[in-house]
Amino acid sequence: MGPMDLRQGIGLRRLGTTTDEFQQDLLSSLYYRRGTTVESASAHDAYDALALTVRDRLADRRARTAAAHYASNPRWVYYLSAEYLLGAQLEQNLLYSGTGEVAAQAVKALGRSLQEIEDLDVEPGLGNGGLGRLAACLVDSMATRDIPAVGYGIRYDFGIFKQSLENGGQAERPDDWAFQGNPWEFPAPDDRQTVGFYGHTEPIAGSQTRKRWVPGEIVLGEPSHMLVPGYGTETVNIVRLWRARGSEASFDLSRFSAGQYAEAVQEAVRAENISKVLYPDDSTELGRELRLKQQYFLCSCSLRDIIRRFRLRNSDWADFAAKTIIQLNDTHPTIAIPELMRLLVDEYELDWDQAWSITRRTFAYTCHTLLPEALETWPVHLFERLLPRHLEIIYLINLLFLREVEARFPGDNDRLRRMSIIGEGDERRVRMAHLAVVGTEAVNGVAELHSKLLRETVLQDFADLWPAKFQNVTNGVSPRRFVKLANPRLADLITEGLGDDGWLNDLERLAELESLADDAAFMERWRAVKRANKVDLAAGDPDSLTDVMIKRFHEYKRQQLKLLHVITMYQRIRQNPAGDWVPRTVLFAGKAAPAYHAAKNIIRLINAVGATIAADPVVSPYLKVVFAENYNVTLAERIIPAADLSEQISLAGKEASGTGNMKLALNGALTVGTLDGANIEIRARVGEENFFLFGLDAYQAAEVQIRGYNPREHYEWDTELKAALDAITAGRFDGAGRELVDSLLGWDEYLTLADYRSYLDAQEEVERAWRDPARWTRMSILNTAHSGFFSSDRTIADYAARIWRVAPVTVPKEDQ
Ligand code: CR1
C-alpha cells in the first residue's frame with residue numbers, strides 16, 4: 001500500500017475543505033468528542049472542538065509523512081532538548097493547515113468569534129528563554145524543510161513560572177499549563193519506557209567491559225506527541241515529550257489499606273516529581289539531584305525510542321550512525337552519550353570500540369553559552385549514587401581520551417588536567433561540556449563570534465586537538481510565527497510589496513523590499529502598520545518612540561544599563577522641562593530566575609523608577625516606563641510588531657547569539673547594540689548606517705578586565721552617571737536599587753559603567769534619526785529587507801548540509 005492510499009485504503013472519507021464541511025466536522029467534534037451540544041458548550045468546549053477539528057486536518061499529512069519516512073529509511077534527525085517554548089498552538093496550526101479562513105466562518109455556528117476562541121489558547125511554557133524558543137523554531141523549520149526529524153523533550157506538569165508584580169517586585173506562581181487538558185497531544189502509552197536510577201553494578205563473568213547495573217529505583221516514562229507541521233509542504237513531524245510515573249509496584253496497596261495514605265503513594269510521587277517542574281531550583285543539593293534525574297530520564301527514554309525506531313527498519317548496528325544523528329541542545333542531554341554506550345555495550349553486547357565509534361558518529365553538540373557558570377558540571381559523588389554505571393563508563397571514556405591527548409602532546413600534564421572530563425578541584429566533578437565534545441562528531445556555537453570565542457577560550461584545548469570538529473551555525477527564527485502570525489499587517493504589506501507570499505519560506509526574498517525603501521507611498525504604509533501595532537499594544541502614546549528590552553533578566557544582558565539611561569533622561573528633562581525632548585515609551589519584559597536576587601532587584605528598581613516618572617507631571621509627558629508582566633511567546637508576539645527600537649546591549653562576549661534581536665530587526669525595529677552575538681551579523685547585513693552601535697567589543701572588554709577595572713573612575717569622571725547613581729543611593733526611587741549601586745561601584749562585573757557614556761551617545765544618535773521620519777522609515781524597511789538570513793529555515797539548511805549530512809524526504813501529496 002502506497003502512502004497516499006493510507007486513508008482511502010481503509011475507506012475513510014477525505015476531510016472537506018469547504019466552510020460547510022469544516023463546520024460539520026466542528027459540530028461533530030463538539031458533539032461526539034467533547035460530548036456536549038452547541039447550547040451547553042462552554043468557551044473551552046468550543047476551543048477543544050476547534051482544536052480537534054484542526055488537528056484532524058493535520059493527521060492525514062502526519063500519516064503520509066510517517067509512511068514516506070519509513071519507506072525511504074533515511075538518516076533521521078533526533079533533537080534532544082530539555083526545553084521547548086512552542087508558543088500558542090491553535091493559530092499556528094490554522095495557518096499551517098490552511099484552514100484559518102474556513103475556521104473563522106465555521107465557528108460562527110458555535111456562537112463565538114475565532115478571536116475569542118484563540119484567546120483561550122494557553123501556550124506550553126516548557127522552557128526558560130532563547131534556548132527553548134530556538135528549539136521550537138528549529139523543529140518548525142525541520143518540518144518546513146522536509147527533514148525527517150523527531151524532537152524529544154520532557155512534558156513538565158508545570159512550565160516556567162507565571163510572573164506578576166507585587167509591590168513593584170517579581171512574584172512567581174506555578175504554571176499549570178495543561179490544567180484544562182491539551183487537545184494537541186496524542187498519548188502513546190505503548191511506547192512507554194522503563195528507566196533506572198541508583199543501585200549498584202555487578203561484573204559479568206568473561207567480560208572486561210560489560211557490567212550488569214541493578215538499579216535501586218525504577219520509573220516509567222510515558223510519551224505523548226504534538227504535531228509539528230511544515231509550512232508550504234506536506235511534512236508533519238512530531239515533538240515527543242516524556243512524562244514520568246511510578247510503576248504499578250510503586251503504589252503500596254497494603255499501606256493504603258492500613259490507612260498510611262501518604263506512605264502508600266510516596267514512591268509514586270517521587271517518580272512523578274521527575275517531570276513535575278521545569279528546572280527545579282538547583283541551589284540545593286536535592287534540587288541538583290532532581291535536575292540530573294530529569295536529564296537522564298529524558299535521555300534514557302529517548303534513546304530507547306530511537307533504537308526501537310531504528311530496529312523497525314534496520315538490523316545491523318554498523319548502520320546505526322548512518323541512520324541516526326542526535327543533536328544535543330546544550331549540555332543538558334549530554335548524559336545520552338554514556339547512556340548510548342551502556343545500551344550498546346551492556347544490553348546489546350557490542351564491543352567497546354565498535355560502540356564508541358558508533359556513539360561518536362551519532363551525536364553532535366550545540367553549545368549555547370560562554371558564561372562559565374552555565375557550563376554544567378556534576379559532583380562525582382552524585383553521579384556515583386544516582387548513575388553508578390554511567391560514572392564507570394565516563395571514567396573509561398576519559399581514560400581512553402586522555403591517552404589520545406597524551407599521544408598528541410606527550411608530557412603536557414597541564415593540558416591533560418585542563419581537558420579531563422573529570423575536574424579535580426576541592427570536589428571532583430564531571431564536566432559535561434568536555435564529555436559533550438569528546439563524545440560527538442561536531443560541536444557548534446550559535447553565532448560567528450560565539451563560535452570563535454568557544455574555539456579561542458573555553459574549548460580552546462579541544463579546538464587545538466580537533467580543529468575540524470568545531471563549526472558555527474548562526475541561530476534563526478521562524479518567519480511564520482514571528483512575522484505572519486505576530487504581525488499580520490506587516491506580512492500583508494510585504495506580500496503586497498513583493499507580489500506574493502513566497503517569502504514566508506524563502507526569507508532572503510525580503511531583499512526585494514530594498515527597492516521600496518524610498519517609495520513615499522510604501523513608506524507611509526510602513527509607518528501606518530507600525531502605528532496600528534502600537535495602538536493595539538496600548539503600552540503608551542503610539543506616536544512616542546517605543547523602546548523595548550524584552551528578554552530574561554540577567555546582569556550580563558544589562559537591563560541596568562538601560563535603566564541608567566532612563567534615569568539620566570529623567571534628570572535631564574527635570575532640569576530643562578522646556579527642552580525639545582523626544583517622547584519615549586520604554587518597555588521592559590522578562591523573568592528573573594526565582595533565586596537570582598540581583599536580577600529581581602533590577603526589576604524592583606525599574607518599577608520604582610517607572611512610578612516616580614509617572615507621578616512627575618514635568619517628565620511624564622515625555623517619558624514612560626512600562627513593565628509588561630509574564631513575558632512569554634504570546635506576549636512577545638504582541639510586543640515585537642510594535643517596537644521601534646530594539647535594545648541588544650549585553651556586554652560584548654557574553655550573549656552567545658540572541659534571537660530576540662533577529663525577531664525585532666525582522667519586524668522593522670532598529671537595533672541599539674554592542675558587538676555581541678548575532679548583533680554583529682545583523683549589523684553586517686542591515687548596514688552600519690542602519691544600526692546604532694556602542695560600547696567595548698569582546699576583546700576590549702577582556703582587556704579592560706585584565707588590566708584591572710575600576711568602575712569608580714567612570715563614576716567620578718562622568719557627572720551624569722554620578723547623578724544617576726547618587727539619585728538611587730539617595731532613595732529617590734522608593735529606596736530601591738541600593739544593592740545594585742553597591743555592586744556597580746564595587747566590581748561591576750559586566751562593565752556597565754564603562755559602556756554608559758558610549759551608550760548615551762548612541763541614544764542621541766537614535767533620537768536624531770527618529771526626528772527625521774523619512775530617514776527612520778527607510779532604515780526600518782532596510783532592516784526588514786536584510787534580515788532574510790535570520791530565518792530558522794536557513795539555520796536548518798546549514799545544520800542539514802554541514803553537520804547532519806541529511807537530505808530532505810518529500811512527502812507525496814494525497815492525490816498524486
Ligand atoms: C543564549 O544565552 C542564545 C540562545 C539560543 C542562550 C542566547 O544568546 O540566543 O541560547 N543560552 O542559542 C542558554 O540559554 C543555557 O544557555
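**The whole chain**

Start with a cartoon view: the chain has 34 helices and 25 strands. Helices (H or I, at least four residues) and strands (E, at least two) are DSSP runs, numbered from the N terminus. The radius of gyration of the chain is 27 Å, close to the 28 Å that the globule rule gives for 816 residues, so the chain is as compact as a globular protein of that length. That radius is taken over C-alpha atoms, and the globule rule is 2.2 Å times the number of residues to the power 0.38.

Before you click on anything, two notes. This is a predicted model: local features need pLDDT of at least 70, side-chain atom pairs count only at pLDDT 80 or more, and totals for chains, interfaces and linings use all residues. Residues are numbered from 1 along each chain as its sequence is written.

Of the 816 residues, 49% count as buried. Here a residue is buried if 20 or more other C-beta atoms lie within 10 Å of its own, exposed if 12 or fewer, and partly exposed in between, with C-beta atoms placed from the backbone.

**Colour by domain**

Next, give each domain a colour: domain 1 is 1-72 + 88-122, domain 2 is 73-87 + 123-474, and domain 3 is 481-790. These bounds come from an automatic or database domain assignment. The centres of domain 1 and domain 2, taken over C-alpha atoms, are 34 Å apart. Their contact takes 21 residues from domain 1 and 18 residues from domain 2. Two residues are in contact if their C-beta atoms, placed from the backbone, lie within 7 Å.

Which elements give two or more residues to the side of domain 1 that touches domain 2? Select helix H3 (43-72) and helix H4 (90-96). H3 provides the largest share of that side, 13 residues.

**Into the core**

Now hide the surface and look for the largest nonpolar core, which has 227 residues. A nonpolar core is a set of buried Ala, Val, Leu, Ile, Met, Phe, Trp, Tyr and Cys residues joined through C-beta atoms within 7 Å. Leu50, Val139, Val609 and Ile639 touch the most other members. Helix H7 (residues 130-144) supplies the largest share of this core, 9 residues.

Click on leucine 50, back in helix H3. It counts as buried, with 28 C-beta neighbours inside 10 Å. Leaving out residues up to four places away in sequence, leucine 50 touches Leu26, Leu90, Ala103, Val107 and Ile117.

Then try valine 139. Apart from its neighbours within four places in sequence, valine 139 is in contact with Tyr79, Ala149, Gly151, Val228, Asn237 and Val239.

**An annotated lysine**

Jump to Lys663, which the UniProt record (unreviewed entry) annotates as "modified residue: N6-(pyridoxal phosphate)lysine". UniProt positions are given in the numbering used here, feature names are shortened, and annotations may be inferred rather than shown by experiment. Lysine 663 lies in helix H26 (residues 660-666). Is lysine 663 buried or exposed? With 30 C-beta neighbours inside 10 Å, lysine 663 counts as buried. Show Val477, Phe482 and Ile640 too: lysine 663 touches them, not counting residues up to four places away in sequence.

**Out to the loops**

Most residues other than glycine have a negative phi. Asparagine 167 has a positive phi of about 50° although it is not a glycine. Find asparagine 167 in the loop between strand S5 (162-166) and strand S6 (169-173), where it is exposed, with 8 other C-beta atoms within 10 Å. Alanine 538 also has a positive phi, near 55°. Look for alanine 538 in the loop between helix H22 (520-537) and strand S20 (545-550); this residue is exposed, with 10 other C-beta atoms within 10 Å.

**Last stops**

Proline 74 sits in the loop between H3 and strand S1 (76-80) and counts as partly exposed, with 18 C-beta neighbours inside 10 Å. Leaving aside neighbours within four places in sequence, proline 74 is in contact with His69, Pro148, Val806 and Val809.

Finish at serine 257, in helix H8 (residues 253-257).
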